[in-house]
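Hi everyone, thanks for coming.

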Amino acid sequence: MMLWLTDEQAQIIARHAQADSPNEACGVIGGVGSRVYEIIPTRNVAANPQHHYRIDEQDMTNALFKLQKAELSIIGFYHSHPAGDFRPSLTDIEQAYYPDTAYMIVGMGDGTPRMAAWRIKNHEITPVEIHVGFQPPNASMEMTPLSKAQKTAIFVSAALAFIFMLVLSLSLLPPAPAIP
Ligand SMILES: [Zn+2]
């Protein structure tokens with residue numbers, strides 16, 4: 001699973017997060033497969049919007065209609081942690097009702113919006129790779145002529161870096177909540 005956004009789409013999310021701070025900002029991510037086509041900001045109607053988010057039902061319905069019209073589907077949701085980082089909170093894990101979508105979280109605790117995406121299924125969290133840019137993932141490698149050995153070396157180091165990031169982010173996760 002992956003999320004592929006343009007710079008502009010990533011900026012819409014970051015700006016929404018900054019504009020709504022200290023409240024959590026939330027929205028719907030529409031697209032096809034891993035390709036994002038629509039970022040739809042929604043209202044956060046949680047009783048305590050500084051620490052939780054709940055997408056306004058009318059906004060959610062409108063988003064669904066808009067996406068359906070464009071023959072897109074919901075491939076993810078985003079929300080911000082104005083004073084925290086990009087890891088899912090226990091509430092995020094408990095209230096992840098769409099196991100086949102990506103949950104993008106913007107952590108703004110250190111002043112700069114930092115994004116990560118997660119798949120949350122049955123209280124299990126898996127990192128979702130985020131690719132930002134107009135070029136499709138891996139296009140930069142196809143554009144520059146490289147020898148086969150170079151390509152292999154780049155692929156191996158990229159794979160190692162990704163695995164290392166996974167291990168790091170997983171080891172930083174809070175302990176899994178007990179399933180009632
Ligand atoms: Zn959260």
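I'll start with the overall picture, then go to the strands and finish with the core.

A quick word on the ground rules. This is a predicted model, where local features need pLDDT of at least 70 and side-chain atom pairs count only at pLDDT 80 or more, while totals for chains, interfaces and linings use all residues. Residues are numbered from 1 along each chain as its sequence is written, and side-chain values use heavy atoms, leaving out hydrogens and water.

So, what does the protein chain contain? It has 5 helices and 7 strands; these are DSSP runs numbered from the N terminus, helices being H or I with at least four residues and strands E with at least two. Along the sequence the pattern reads β-α-β-β-α-β-α-β-β-β-α-α. Of the 180 residues, 37% are buried, meaning under 20% relative accessible area with a 1.4 Å probe, protein chains only. Take contacts, that is, heavy atoms within 4.5 Å: among those between residues at least 6 apart in sequence, 66% join residues at least 24 apart.

Now the strands. I call two strands paired if DSSP finds at least two bridges between them. β2 and β3 (residues 35–42) are antiparallel, with 7 bridges, and Val32 sits opposite Arg35 in β3. Their hairpin has 2 residues between the strands, and Gly33 there takes a positive phi near 60°.

Further along, β5 and β6 pair antiparallel over 5 bridges, with Tyr103 partnered by Trp118 in β6. This hairpin has 6 residues between the strands, and Gly111 in the turn shows a positive phi of about 95°. β6 also joins β7 (residues 124–132) through 5 bridges, again running antiparallel. Here Arg119 stands opposite Thr126 in β7, and Asn122 in the 2-residue hairpin has a positive phi near 50°.

Finally, the inside. A nonpolar core here is a set of buried Ala, Val, Leu, Ile, Met, Phe, Trp, Tyr and Cys residues joined through side-chain atoms within 4.5 Å. Which members of the largest one touch the most others? Of its 19 residues, they are Val28, Ile55 and Phe77. The elements giving two or more residues to this core are β2 (26–32), α2 (57–69), β4 (73–81), β5 (102–107) and β6 (114–121). Apart from this core lies another, of 15 residues, including Leu3, Ile75, Tyr78 and Met108. And if you click on Val28, you'll find that its contacts include Ile39, Ile55, Met60, Leu67 and Phe77.

How values were computed: Buried < 20%, exposed > 50% of the residue type's maximum accessible area, 1.4 Å probe, protein only. Lists of a residue's contacts leave out its neighbours within four places in sequence.
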